[in-house]
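Here is a short note for a colleague who is opening this structure for the first time. Please keep the 3D view at hand while going through the points.

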Amino acid sequence: MDKRARVTLPTEENFFEETKELMARWGADAIRDSDGTELEKNIMQLPAKVYKTYFVARGHNEFIKGHLEERQQVYLMSKRCVATGDYTLEIDLMDGYYREQLEPDYTHDPKRWWEVINRTTGEVVPAEQWQVKRSEGVVVIDHIQPFHEYTVSFLAYIKWDPTHMYNHITNDWGDIPHDIPFDVHQPNSRQFMQDYLRQWLADNPETDVVRFTTFFYHFTLIFNDLAKEKFVDWFGYGATVSVKALEAFEEAKGYALRPEDLVDNGYYNTAFRVPSAAYLDYIDYISEFVCEEARQLVEIVHEHDKEAMMFLGDNWIGTEPYGKYFERIGMDAVVGSVGDGATLRMISDIPHIKYSEGRFLPYFFPDTFYEGNNPVVEANERWIAARRAQLRSPLDRMGYGGYPSLAYKFPEFVDYIEEVTDEFRDIVDKIDGSQPEVKLTVGIMSAWGSLRTWQHFMVAHALWYKQIYSYLGILESLSGMAVDVKFVSFDEVVSGECLAELDVLINAGDEMTAFSGGEQWAKPELQTAIRRFVHRGGGFVGVGDPSAYQQNGRHFQLADVLGVDKEVGFSLSTNAPENAPVASHFITDGLGELDFGEGKANIYPTNRETTILVGSEHGEVSLSTATYGRGRSVYLAGLPYSIANTRLLLKVLLYAAGKEADYEIWHASNPNVEVNVYPEKGLYAIVNNTTVAQETEIFDGEGQVETITLAPSELRWEELS
């Protein structure tokens with residue numbers, strides 16, 4: 001194994017000798033700058049590939065101040081205001097928004113591009129019934145309906161790039177100019193982007209990799225009047241909007257969008273919403289446009305014999321690495337932030353690139369590296385979580401971001417990262433592109449399908465929310481499990497394209513979300529496709545509110561398959577079967593107490609054949625199974641991530657697929673330990689996913705059993721016999 005390989009080290013000015021030391025200890029073969037830092041002046045003396053951060057659509061205030069009409073834009077919805085008078089209502093557009101970030105667009109005719117809505121009736125208020133007072137920043141609505149709610153959907157200019165604002169606040173950058181973002185849809189901005197890149201490449205000959213951060217449009221991140229995050233959606237297309245974009249969309253798709261198509265009742269088309277046809281069309285238009293514009297920049301980079309790398313973050317909107325246009329860009333590499341197994345797989349599984357790189361946590365920022373804190377704790381937790389996924393689908397490279405001078409002050413941290421980088425290289429070298437053995441193939445349904453591979457249930461790049469951690473645990477568990485995972489859409493299930501290659505289909509999420517499905521379940525063909533799949537021997541796993549949509553006397557439309565339904569108050573006069581929990585079952589045996597997270601209330605069995613594995617004294621179901629034709633289903637009320645729940649999910653999937661016999665093939669009896677097999681390499685890996693020593697029985701592929709003890713966090717490689 002080459003000690004100096006596969007690791008990218010951040011550096012900064014006046015840190016040359018320390019950088020050389022860290023490069024030697026961590027085996028870094030590449031160095032990079034970060035937002036807010038500059039590369040060391042003696043950079044060419046270092047034996048390393050040079051990454052340099054490049055901002056396409058910000059960081060050039062000298063240009064955009066001469067073209068303020070080409071600033072990026074967003075549709076915003078005003079506060080909901082109740083009309084308590086008899087005739088007029090005045091709405092302050094910027095009430096609740098951060099005025100240093102945003103300002104209303106009065107350049108384009110508000111009567112053409114804005115919309116006033118009576119939110120009590122849902123009706124659009126005719127333009128002749130409202131007026132804009134620009135000097136006061138208000139809209140006055142005439143002929144109001146007393147005690148109805150009203151909003152204004154208005155175009156605004158973005159005056160301060162959200163990432164620059166976030167870094168400014170987090171790192172206390174003081175009184176520095178605010179980066180103003182500009183729009184590639186605009187003629188001057190588009191030309192400037194290409195011309196400046198050519199000049200920049202000529203001025204930076206030491207650069208080997210241009211690290212685009214990212215391209216044109218930031219994910220939706222709007223701040224409130226206290227400079228705190230008001231709305232954040234890592235998948236949001238809100239900041240791609242402009243008059244030119246709307247006009248181009250109409251020409252491309254043959255119809256015009258309304259402001260409401262983007263404001264979406266104030267939900268702004270969060271990824272949890274079942275996307276409308278218009279919004280999917282808009283994503284498609286922006287993605288094709290962005291990928292074409294990005295392709296032209298990448299070609300310029302390649303003309304200068306440099307590599308192009310895309311950061312999967314900040315201004316990534318429109319690139320959609322699992323979308324149908326991404327391949328056209330011609331990217332050499334993608335790098336993104338890795339905090340756990342799901343975020344690692346989100347990067348490592350990206351197709352059509354030469355290599356993938358993870359920016360591991362923690363970032364070398366003062367919110368982690370401060371006196372009295374031990375950053376090793378977070379680094380260890382993050383690596384152990386990510387390593388499970390790395391053993392299934394490895395990243396090619398790893399690195400860190402931020403200010404290395406901060407990390408250098410923590411010698412224990414420096415020591416620990418030396419161990420991590422060595423282990424990372426060892427994993428990649430041993431697997432060497434081979435495919436690990438899988439026990440079964442699992443499909444996860446959503447309205448997004450493969451477009452959002454490994455991106456389900458996330459809000460702001462997998463930040464914790466109590467409403468979603470019960471579902472994120474599914475992805476996290478699967479990310480390091482010996483299964484093949486496919487992300488499929490409801491339409492693909494209806495067509496049957498995907499079902500033939502699946503052993504088990506998962507439907508998970510809260511009702512009416514894009515993940516559970518909402519009105520998708522009104523389609524008889526969706527219901528029948530899954531019934532047919534399970535009846536013929538397939539497995540179905542529902543978590544939370546699977547197939548939830550109230551109609552025709554059912555809340556769970558697949559209650560017949562699941563053997564359970566959800567009581568919403570309509571069936572209280574009808575007694576449900578009183579099925580007692582069974583004492584023993586393949587799924588629960590040996591697992592101890594189970595955690596269903598937020599869980600679900602009022603889940604009840606629909607027939608006496610439903611097997612209750614975990615239920616309350618009031619008859620509510622948290623875990624159950626049912627037989628349906630030749631197939632099986634399993635219901636879970638929730639599945640937060642934990643080592644125990646990872647083992648639970650594995651047993652659930654094997655049971656649903658009718659493959660219980662495969663459980664003890666390449667298996668560790670201790671749930672804290674996992675086994676991964678690489679037949680092409682003649683190797684298997686045994687990994688301890690905890691920070692304490694673990695003893696376990698290891699079952700190989702031929703029924704042989706061996707008892708071993710692993711040191712804390714140990715990863716042990718063995719040869720296949």
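1. A term first: the strands named here are DSSP runs of E, at least two residues each, numbered from the N terminus. Two of them count as paired if DSSP finds at least two bridges between them. Note also that this is a predicted model.

2. Start with the hairpin of β28 and β29. Thr611 stands opposite Thr625 of β29. Between the strands there are 5 residues. Gly619 has a positive phi near 90 degrees in this hairpin.

3. Next, an open sheet of 3 strands. The order is β6-β11-β10, with antiparallel pairing. Which strands stand at its edges? They are β6 (89-92) and β10 (130-133), and each pairs on one side only. On average, neighbouring strands of this sheet are turned by 20 degrees against each other, direction ignored.

4. Look at one pairing in that sheet. β6 and β11 (residues 138-141) run antiparallel and are joined by 4 bridges. Ile91 has Val139 in β11 as its bridge partner. As background, strands of a sheet pair through backbone hydrogen bonds.

5. Another open sheet has 3 strands in the order β32-β33-β36, again with antiparallel pairing. β32 (673-678) and β36 (715-719) are its edges. Each has a single partner strand, so one side of each has no neighbour in the sheet.

6. Leu683 stands opposite Glu719 in β36. Which helix packs on the sheet? Helix α12 (residues 411-431) does, and touches β32, β33 and β36. The direction of α12 makes about 25 degrees with that of β36.

7. Now the charged side chains. How many salt bridges does the structure hold? There are 46 salt bridges. One of them joins Arg99 and Asp92, at 3.6 Å from N to O. Arg99 is partly exposed, with a relative accessible area of 47%. Asp92 is partly exposed as well, at 30%.

8. Asp332 and Lys354 form a salt bridge, with their closest N and O atoms 3.1 Å apart. Asp332 lies in the loop between β16 (307-311) and β17 (333-338). Lys354 lies in the loop between α9 (341-348) and β18 (355-360). The pair therefore ties together parts that are 22 residues apart in sequence. Is Asp332 buried or exposed? Its relative accessibility is 3%, so Asp332 counts as buried; the cut-off for buried is under 20%. Lys354 counts as exposed, at 64% relative accessibility.

9. Lys523 and Asp491 meet through their side chains in a salt bridge of 3.4 Å, N to O. Lys523 lies in the loop between β22 (504-509) and α15 (524-535), and Asp491 in helix α14 (residues 490-495), so this pair ties together parts that are 32 residues apart in sequence. At 27% relative accessibility, Lys523 is partly exposed.

10. Last, a network. Which residues does it link? Salt bridges connect Asp510, Glu511, Asp545, Lys566 and Lys600.

Key: Residues numbered from 1 in each chain as written. Predicted model: local features only at pLDDT ≥ 70, side-chain atom pairs only at ≥ 80, totals over all residues. Heavy atoms only, no water. Contact = heavy atoms within 4.5 Å. Axes fitted to C-alpha atoms, helices over the stretch in contact; angles between N-to-C directions. Salt bridge = Lys/Arg side-chain N within 4 Å of Asp/Glu carboxyl O. Buried < 20%, exposed > 50% of the residue type's maximum accessible area, 1.4 Å probe, protein only.
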